[in-house]
Amino acid sequence: QVQLVESGGGLVQAGGSLRLSCTASGGTFSSYAMGWFRQAPGKEREFVAAISWNNNTYYADSVKGRFTISRDNAKSTVYLQMDSLKPEDTAVYYCAAGRVLGINIVSLYDYWGQGTQVTVSS
């Protein structure tokens with residue numbers, strides 16, 4: 001029903017920035033809570049950031065102060081602005097949509113994008 005497509009990943013040097021985008025189709029975007037998760041090789045999928053339908057934001061401690069999540073309901077798009085990137089940020093980043101606010105709980109998200117690779121070199 002709902003499709004999510006991420007874009008904006010790439011290779012950057014430590015200290016650099018990237019802006020990820022995730023565009024949704026097939027649903028009422030403004031009513032969904034949105035989240036970003038990441039997964040490195042051999043690691044579990046981990047919470048990065050979330051934003052509610054009423055614009056409350058939540059961040060993992062590891063990215064707080066460096067990453068910013070935002071949404072543009074007119075474009076059905078959620079963004080993740082990543083600044084001061086570190087090698088440990090290297091992962092595939094996934095956006096997700098939920099009918100309820102799940103924040104960091106993977107099982108509470110209903111739809112997932114295909115992921116976009118972020119690689120940070122030292």
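Reader: Which side chain does R66 meet in a salt bridge, and what is the N to O distance?

Author: R66 pairs with D89, at 2.8 Å from N to O. Keep in mind that this is a predicted model.

Reader: Where do R66 and D89 sit in the chain?

Author: The pair links distant parts of the chain, 23 residues apart. R66 is in the loop between β6 (57–59) and β7 (67–72), while D89 is in the loop between β8 (77–82) and β9.

Reader: Buried or exposed, those two?

Author: R66 and D89 are both buried.

Reader: How many salt bridges does the structure hold?

Author: There are 4 salt bridges. Among them is the one between R99 and D110, with 3.2 Å from N to O.

Reader: What does the R99 and D110 pair tie together?

Author: Both R99 and D110 lie in the loop between β9 and β10, so their pair ties together parts that are 11 residues apart in sequence.

Reader: And how exposed is each? R99 to start with.

Author: R99 has a relative accessible area of 59%, so it counts as exposed. D110 is at 32% relative accessibility and counts as partly exposed.

Reader: What does D61 pair with?

Author: D61 forms a salt bridge with K64, and their closest N and O atoms are 3.3 Å apart.

Reader: Why does D61 count as exposed?

Author: Because its relative accessibility is 66%, and exposed means over 50%.

Reader: Changing topic. Which residues make the nonpolar surface patch?

Author: V100, I105 and L108 make a patch of about 220 Å². L108 is in the loop between β9 (91–98) and β10 (111–112).

Reader: Why is L108 called partly exposed?

Author: Because its relative accessible area is 32%, and partly exposed is the range between under 20% for buried and over 50% for exposed.

Reader: Which residues line the largest cavity?

Author: The lining is V2, A24, G27, T28, F29, Y32, M34 and A97.

Reader: How does that lining split by class?

Author: It has 6 nonpolar and 2 polar residues, with no charged ones.

Note on methods:
Residues are numbered from 1 along each chain as its sequence is written. This is a predicted model: local features need pLDDT of at least 70, side-chain atom pairs count only at pLDDT 80 or more; totals for chains, interfaces and linings use all residues. Side-chain values use heavy atoms; hydrogens and water are left out. Patches are made of residues with over 30% relative accessible area and no salt bridge: like charges are joined within 9 Å, nonpolar side chains (Val, Leu, Ile, Met, Phe, Trp, Tyr) within 5 Å. Accessible areas come from the Shrake-Rupley method with a 1.4 Å probe; for residues, only the protein chains shown count as cover. Helices (H or I, at least four residues) and strands (E, at least two) are DSSP runs, numbered from the N terminus. Buried means under 20% relative accessible area, exposed over 50%, partly exposed in between (1.4 Å probe, protein chains only). On a 1 Å grid over the protein atoms alone, a cavity is a set of points where a 1.4 Å probe fits but cannot get out, and a pocket is an open set with protein on both sides within 12 Å along at least five of seven lines; lining residues have an atom within 4 Å of a point. Ala, Val, Leu, Ile, Met, Phe, Trp, Tyr, Cys and Pro count as nonpolar, Asp, Glu, Lys and Arg as charged, and the others, Gly among them, as polar.
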